[in-house]
Amino acid sequence: MSLPLRESEYAVTLKNDRLLRALLGEPVDVTPVWMMRQAGRYLPEYRATRKQAGDFLTVCKTPELACEVTMQPLRRYAFDAAILFSDILTIPDALGQGLYFSEGEGPKFHKVIRSAADVEKLPEVDIADELSYVTDAVSVIRKELNGTVPLIGFSGSPWTLATYMIEGGSSKDFRIAKQFMYDNPEAMHLLLEKLADSVTDYLNAQIRAGAQAVQIFDTWGGILSGNAYREFSLNYMTKIVSKLQKENEGRRVPVIIFTKNGGQWLESIADSGCDAIGLDWTTEIGDARSRVGGRVALQGNMDPTILYASPAVIREEVATILKSFGSGEGHVFNLGHGITPEVNPDHVSHFVEAVHEYSEQYHR
Ligand code: CP3
């Protein structure tokens with residue numbers, strides 16, 4: 001039987017632990033950086049793997065392929081973390097909604113939720129068991145990473161997952177999901193309760209399999225009013241955070257909450273018990289730090305479209321964000337949302353190098 005590693009032994013096995021340290025506000029030599037959607041269509045090698053596999057979901061469901069695409073950006077760039085290659089919509093798929101991707105239209109579901117009866121009919125499934133292809137991918141990736149950088153696991157927030165399940169896919173205005181919430185708040189709460197249980201089990205399974213930090217993507221929390229956000233989104237993320245396994249392999253497993261367009265609610269998000277808040281680019285990171293920087297770490301927040309600009313402009317923007325955060329700990333550099341497919345991969349090198357180069361002065 002192998003015993004869990006003690007902290008000192010583990011520190012030796014993880015060669016670069018900047019991400020985990022920064023998420024907990026501990027000292028680092030330079031600001032760690034990773035990028036939402038760092039494995040994806042802007043990389044020709046990703047497109048080749050996807051083509052070979054046939055489609056995106058096959059890549060997600062084949063642990064060796066998920067591992068291959070997770071590793072691809074790390075071979076090109078000096079990122080301080082890997083993020084599990086998967087999708088937030090694996091949970092609704094496991095709940096029998098029938099996920100598929102139609103070319104050019106994004107995700108879609110064969111079944112949709114439109115009534116309290118639909119919510120009640122959702123099957124009771126063992127999420128960890130149903131999504132064992134994800135936890136298998138986590139194990140394969142950890143082995144392949146071999147202690148170079150930590151692995152981030154993730155899930156969608158209950159609210160964000162619910163919008164896809166009700167709308168049946170992506171939406172511009174979320175008319176059906178919001179009408180459902182306002183007309184059937186009890187059914188909505190029942191759905192969110194079930195999803196919160198699934199997300200908790202899913203993230204704990206990822207942590208047990210080797211995810212060293214986890215991020216909850218609340219991509220659509222920011223479309224709600226403040227009261228609705230607290231009641232229908234943050235409330236459930238708070239419950240999840242309280243039920244996550246806090247430590248594994250002798251080390252704390254930090255939790256990041258990313259609510260896109262959530263800048264006006266940072267104080268409430270910090271109350272959730274999360275270790276870090278992901279920021280989009282619409283909030284000034286220096287202001288965010290003065291509001292909540294004493295309580296949580298901050299992750300962000302460069303506008304992803306700046307990656308279309310010239311390397312000089314990208315470098316300047318990195319310097320501006322680092323200066324806005326200022327000296328001291330608790331910053332993980334990232335984009336404010338995912339990188340888009342049309343970005344030139346060479347521009348990403350400038351982004352990553354600039355973060356490491358320019359941030360040293362803030363950690364003396
Ligand atoms: O960040 C990473 O590198 C890890 C992989 C990852 C993917 N999706 C791969 C993916 C992560 C963390 C996600 C999360 C995800 N998925 C979110 C939350 C984050 C966010 O972007 O706000 C959401 C809302 C989804 C749902 C989803 N999956 C949509 C709306 C789409 C289509 C969007 C598009 O760009 O076409 C997907 C597909 C998807 N997920 C792709 C990738 C690489 C593109 C699929 C392809 O190869 O064609």
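Rings of Phe, Tyr and Trp (for Trp, its six-membered ring) pair up if their centres lie within 6.5 Å; planes under 30 degrees apart are stacked, those over 60 are edge-to-face and the rest are tilted.

**View 1. Aromatic pairs, with a look at Phe56 and Phe85.** By that rule, the count comes to nine aromatic pairs. Phe56 and Phe85 make an edge-to-face one, at 5.7 Å centre to centre and with 80° between the planes. This pair links distant parts of the chain, 29 residues apart: Phe56 belongs to helix 4 (residues 56–61), while Phe85 is in the loop between strand 1 (82–83) and helix 6 (90–97). Helices (H or I, at least four residues) and strands (E, at least two) are DSSP runs, numbered from the N terminus.

A word on the model: it is predicted, so local features need pLDDT of at least 70 and side-chain atom pairs count only at pLDDT 80 or more, while totals for chains, interfaces and linings use all residues. Numbering starts from 1 along each chain as its sequence is written, and side-chain values use heavy atoms, with hydrogens and water left out.

**View 2. The residues around the ligand.**

View 3. A polar side-chain atom of Arg50 lies 2.4 Å from a ligand oxygen, and one of Tyr46 lies 2.6 Å from a ligand oxygen. Ala39 brings a backbone N or O atom to 3.2 Å from an oxygen of the ligand.

**View 4. Backbone at Arg37.** Arg37 isn't a glycine, yet its phi is positive, at about 65°. You'll find Arg37 in the loop between helix 2 (18–23) and helix 3 (44–53).

**View 5. A cis peptide bond at Gly300 and Asn301.** The bond joining these two is cis, with omega about -5°. Asn301 lies in strand 10 (residues 297–302).

Conventions. A polar contact is a pair of N or O atoms within 3.5 Å; within protein, one must be able to donate a hydrogen and the other to accept it, and residues adjacent in sequence count only if both atoms are side-chain atoms.
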